[in-house]
Amino acid sequence: MYSLTVSSPTDIPWNELREQARHATTTSYAPYSHVLVGACAITVDGSFVVGANVENASYGLTLCAECSLVSDLARQGGGRLLAVSIVAGDGEPMAPCGRCRQLLFEHGGNDLLVDAGADVEPTPLRELLPGAFGPEDLGLRRSE
């Protein structure tokens, strides 16, 4: 993958994120649902990470595209997500499921921008996952 300089949220290359997410759907493994999902995000340092859904016959072990994307983030050395586009096989953006909202929160926080479509303002993750529980909460909740 390559990186891009992102000085502010207005510099986010939404078309590039959508295009890479669409391409990622071609690598999905979805023999059960036949719902192909791809995801592409850009990090605060301008790196791109991608993912595709990987189903499993037990269904519960299925990995969403966002899980694959976060794995790619870790594989590339980590970083903080700035914006993400998640698309279905039809190429149109879709919202992350509840589990993936929590996963994205861990790596992007409240300000992570989620693509809502070409003609719609992106949605900050805080609106999709209000009152999120994050790593900083763990220290506050430990019994001594």
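I began at G77, which follows helix 2 and has a positive phi, near 105°; helices here are DSSP runs of H or I with at least four residues, strands are E runs of at least two, and both are numbered from the N terminus.

I noted that this is a predicted model, in which local features need pLDDT of at least 70 and side-chain atom pairs count only at pLDDT 80 or more, while totals for chains, interfaces and linings use all residues. Residues are numbered from 1 along each chain as its sequence is written, and side-chain values use heavy atoms, with hydrogens and water left out.

Next I looked up helix 2 itself (residues 65–75), where A65, E66, C67, L69, V70, D72 and L73 are buried, buried meaning under 20% relative accessible area with a 1.4 Å probe and protein chains only. I then checked what these buried residues pack against, and found strand 1, strand 2, strand 3 and helix 3 (98–108), with contact taken as heavy atoms within 4.5 Å.

I turned to strand 1 (residues 37–43) and found seven of its seven residues buried. V37, A39, A41 and T43 point one way, whereas G38, C40 and I42 point the other. In a regular strand the side chains alternate between the two faces of the sheet.

For pairing, which requires at least two DSSP bridges between two strands, I recorded seven bridges from strand 1 to strand 3 (residues 81–88), running antiparallel, with G38 opposite V87. Five bridges join strand 1 to strand 2 (residues 48–52), also antiparallel, and here A39 stands opposite G51.

Last, I looked at the hairpin of strand 1 and strand 2, which has four residues between the strands, and noted that G46 in the turn has a positive phi of about 90°.

How values were computed
Buried means under 20% relative accessible area, exposed over 50%, partly exposed in between (1.4 Å probe, protein chains only).
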